[in-house]
Amino acid sequence: MSAAEASNDTEPPHPRETTVLFGHGEAEQALLEAYRSGRIPHAWLIGGPNGIGKATLAYRMARFVLANPDPTAPAVRKATSLTLPDDDRTVRRIAAQGHPDLLVLERVVNEKTGKLYTVIRVDDVRRTVPFFGSTAGEGGWRVCIVDTADELQYPQAANALLKILEEPPLNALLLLISHAPARLLPTIRSRCRRLALRPLSADDVARAAALARGREAEDPELREASSLAEGSVGRALSLLEGPALALRKRVVDLLERLPIVDPQALHALGDALGGFEPQRLASFIDAVNEWLAERLASADRERMLRIAEAWDKVNQAARDADEYNLERKPLVFSVFGWLAEAART
């Protein structure tokens with residue numbers, strides 16, 4: 001079972017089901033022109049912050065290539081974008097996860113625990129061998145999307161993918177998605193054409209979030225979430241979930257007081273994060289990471305090391321809390337202890 005199959009009906013449409021792309025017109029044209037040239041690089045590394053549409057663009061490219069296997073065809077020559085009609089057979093098959101020439105590598109559910117593995121395992125990556133080793137079912141291209149390359153099990157899965165990148169089969173296209181391309185193996189980065197996506201404008205975030213939620217783009221709550229989302233549709237949708245927006249405001253208020261820490265306020269925050277709802281934890285960690293990123297940008301070397309150390313501790317603790325269903329209140333106190341230390345000059 002994949003991550004997508006483990007999702008529920010309250011979540012926004014998966015990128016494989018999303019046919020509308022907001023922003024990123026230049027990146028889309030770069031992919032289209034490369035394909036039309038007949039000399040498209042076999043691997044692309046689509047990088048940028050989380051939730052800005054990287055996977056949406058990757059699926060958009062996969063649909064277009066699989067629906068138009070001949071780059072010299074008139075339909076490709078006349079295309080002004082990678083858009084396909086909603087009723088196109090390729091669109092429907094990919095949305096239903098039923099296209100034989102598309103392989104998606106992503107974290108899958110551990111059937112024993114019912115939770116997602118924390119990495120894309122080497123066994124998952126090895127599926128590329130029979131996939132690329134056989135003839136395309138539709139007689140054209142074989143496309144593999146890696147969502148995300150940041151989650152590849154290191155070093156086994158990363159090295160397994162590298163073998164495909166080094167010796168790509170004919171008519172193979174790999175689309176790697178990454179939130180932090182600089183952290184990937186240099187050997188992986190060097191074998192991919194880089195395509196960097198920028199955060200979306202607040203208006204584009206609002207339009208995309210409105211479409212995902214079936215709301216008006218001018219909805220006041222949606223506009224507020226979009227303005228706080230730092231160009232990320234995923235972040236805006238997260239803020240719109242239940243009490244996430246109010247929770248984020250509470251976290252930001254406590255962050256602004258650092259290095260002063262109010263134990264009573266932390267107890268209250270821990271209670272607000274109570275239970276094991278992943279969305280609240282994600283909203284909390286998202287606000288903390290934004291605070292760390294802002295300070296990292298202007299820190300001297302000594303303070304930069306403290307902030308980087310706090311970043312690692314915070315995110316590892318959050319992963320552990322999510323994976324092992326740990327209580328949230330101890331996490332809150334630990335996080336603010338690390339942040340207070342990082343905030344001191």
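Predicted model: local features only at pLDDT ≥ 70, side-chain atom pairs only at ≥ 80, totals over all residues.
Two strands pair if DSSP finds at least two bridges between them. In it, strand 3 and strand 4 pair in the parallel sense, over 6 bridges. Arg142 has Ala172 in strand 4 as its bridge partner.

Strand 1 is joined to strand 4 by 5 bridges. A further 4 bridges join strand 1 to strand 5, which covers residues 193-196. Both pairs run parallel. Trp44 takes part on both sides. Leu175 of strand 4 stands opposite Trp44, and so does Arg193 of strand 5. Because 5 of the 5 residues of strand 1 are buried, this strand is largely enclosed by the rest of the structure. Ala43, Leu45 and Gly47 point one way from the strand. Trp44 and Ile46 point the other way. Residues on both faces of strand 1 are buried.

The largest nonpolar core holds 36 residues. Met61, Leu102, Val143, Ile145, Leu173 and Leu175 touch the most other members. Two or more residues each come from helix 1 (25-36), strand 1 (43-47), helix 2 (54-67), helix 4 (89-95), strand 2 (102-105), strand 3 (142-147) and strand 4 (172-178). Helix 2 gives the largest share of this core, with 9 residues. The surroundings of Leu175 show how these elements meet. Leaving aside neighbours within four places in sequence, Leu175 is in contact with Trp44, Ala58, Met61, Ala62, Val143, Cys144, Ile145 and Val146. Another core, of 31 residues, lies apart from the largest one. Its members include Leu255, Ala310, Ala321 and Phe336.

Helix 12 (residues 244-257) packs with helix 14 (residues 278-297) at an angle of about 35 degrees. The two axes are 9 Å apart. The crossing of helix 12 past helix 14 is right-handed. On helix 12, the contact is made by Ala244, Leu247, Arg248, Val251 and Leu255. On helix 14, Arg280, Ser283, Phe284, Ala287, Val288, Glu290 and Trp291 make the contact.

His24 was considered separately. His24 sits in the segment before helix 1. Its relative accessible area is 11%, so the residue counts as buried, the cut-off being under 20%. A polar atom of the His24 side chain lies 2.7 Å from the backbone oxygen of Ile52. Not counting residues up to four places away in sequence, His24 touches Ile52, Gly53, Leu197, Arg198 and Leu200.

Key:
Residues numbered from 1 in each chain as written. Heavy atoms only, no water. Core = buried A, V, L, I, M, F, W, Y, C linked by side-chain atoms within 4.5 Å. Buried < 20%, exposed > 50% of the residue type's maximum accessible area, 1.4 Å probe, protein only. Contact = heavy atoms within 4.5 Å. Polar contact = N/O pair within 3.5 Å; in protein donor to acceptor, adjacent residues only side chain to side chain. Axes fitted to C-alpha atoms, helices over the stretch in contact; angles between N-to-C directions. Left-handed = near helix turned anticlockwise from the far one by under 90°.
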